[in-house]
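Visitor: I would like to learn how to read the features of a structure like this one. Could you walk me through it?

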Amino acid sequence: MQQNVENTTTAPVVPAPRGGKPVFRSRRMRIRFYSYIIAIFAVVAGFAAMGWYQAYAMRMRIEYSYQRALNDLELYVGNIDVALQKSLYAGTPEQAVTMSAKVWREAGAAKACLASLPYTDTRLSNTQKFLSQVGEFAYSLSRRAASGEAADAITEEERNTLKQLSGYANTLTEELAQMMNEVAAEDYSMGAINDELQGAYEPDDTDGPFAKLDGTFEEYPMLIYDGPFSDHLETGEALVLKDKPEVSQEQALQAAADFLGLPADKLQFAGMQEGRLPCYEFTGEGYSISITKQGGYVDNMNLQHPVSESNYGVQQALDAAAAFLASKGLPGMKETYYLEAQGQLIINYAWVQDGAVCYTDLVKVSVAMDDLSIIGYEGRGFLMMHKDREIPEEILTPEQALESVSRYLTVQNGQMAFISPGGLTEYYVYEFQCVAEDGQQVLVYVDAKNGREVDILLLLDTPGGTLTM
């Protein structure tokens, strides 16, 4: 019997390699696979090249911005030097005002350039101080000359100060020019300086380019003038502490405990705060408090008190702060401005003498809006500036003082005040609260003795409170 055999075609058996990994069945598949791999590498390489180019372009743009800022800084400092030298020869108040205004303007521009350079605050602190002081010193001369207070445009003492400032400006210009030459010669780049600041130089290293630049002012003299950067603000004596005896650590501890209403054994000594106002520091139960070494007064106090929600209104917080100040021997202080933020109300209070608000005699109180507890106190402004003031007897009438207020403002009310807008000279003034045609709230301060406008502040209403600018 004939057996039928089915004609079948079987595919060649491809043995599996060890480990069970598949093998390519044909040369075409291998070529296709390797082509894909090459294409992927090409794409990745292309993206990498594009990323490198973009990063390089970005670095170059930053480098050019640094170099432009350095170049402009050298230009502005040179202009300051020239204007200072011209100020030495100003024979009239008008010319003194012109030259002083130019110094102030060029110093402001130089500070803007300085802020664009890659450096840390500590590396150019002296340079920053110089630019701030030279501008404000010139502005103080300009303001005084414009008021006609001085018979001479510039006094002999001021001439000597201008000479010193001109010398420093000239040296700084030379140092900046040298740095620019080094950058142009590719000895280093401004971007490299930025890298150096991230770790190549130690904080006290004097080899860095900016450290050398700041070394220009190692023997920079103390500068006293009527302005916010005057050295007297950093070295002045605390008026409240004058002639007060020093207290021991134990006495300071008891003063801290009394202020907080805690037993003394609940606080621990945390060290000494040195500097302008030496203090004993204590901590305990979430509190930190500083007591002045001289006199034993509270400098500041803080309580760790996270606020989850506000359960009370602004007026209730204001009442709580006023009651707190009265309990600490500061009754009758006037609330000036406040700000509500992060569940607390921060209030500035000023001392009042004979109906005049003394805006320099300030304390700051922070109230938690969840339970009205006092969680912050700052008394340094009061300790530094508070004194008994002499009220001038011969002053202008309110009607006479109003003549100095712009006709574009409508006066709503007024009061007497002591202010020190420059930081050195204090003025007894009429404070007029006004409103402009567009609704802007404006405070105008008029010297009660001569009717000169001393200062103008704008009131800014924010969701958290009223601020001044």
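Guide: Gladly! Let's begin with surface: accessible areas come from the Shrake-Rupley method with a 1.4 Å probe. This is a predicted model, and the accessible surface of its chain is about 27,000 Å², with 51% belonging to carbon and sulfur atoms.

Visitor: How many of the residues count as buried?

Guide: Buried means under 20% relative accessible area. Here 38% of the 469 residues fall in that class. The chain has 11 helices and 13 strands.

Visitor: How should I read an aromatic pair?

Guide: Two rings pair if their centres lie within 6.5 Å, and planes over 60 degrees apart count as edge-to-face. The whole structure holds 9 aromatic pairs. One of them joins Phe259 and Phe324, edge-to-face at 5.7 Å centre to centre, with 90° between the planes.

Visitor: Which parts does that pair tie together?

Guide: Phe259 belongs to helix α8 and Phe324 to helix α9, so the pair links parts 65 residues apart in sequence. Phe259 is buried at 12% relative accessible area, and Phe324 is buried at 11%. Together with Tyr377, these two form one aromatic cluster.

Visitor: What about a tilted pair?

Guide: Look at Phe418 and Tyr428: 4.9 Å centre to centre, 40° between the planes. Phe418 lies in strand β9 and Tyr428 in strand β10, so this pair ties together parts 10 residues apart in sequence.

Visitor: Where does the charged end of Arg389 sit?

Guide: Over the ring of Phe418, 5.6 Å from its centre. Likewise, Lys328 lies over the face of Phe259, 4.8 Å from the ring centre.

Note on methods:
Residues are numbered from 1 along each chain as its sequence is written. This is a predicted model: local features need pLDDT of at least 70, side-chain atom pairs count only at pLDDT 80 or more; totals for chains, interfaces and linings use all residues. Side-chain values use heavy atoms; hydrogens and water are left out. Helices (H or I, at least four residues) and strands (E, at least two) are DSSP runs, numbered from the N terminus. Buried means under 20% relative accessible area, exposed over 50%, partly exposed in between (1.4 Å probe, protein chains only). Rings of Phe, Tyr and Trp (its six-membered ring) pair if their centres lie within 6.5 Å; planes under 30 degrees apart count as stacked, over 60 as edge-to-face and the rest as tilted. A charge sits over a ring if NZ of Lys or CZ of Arg is within 6 Å of the ring centre and within 35 degrees of the ring normal.
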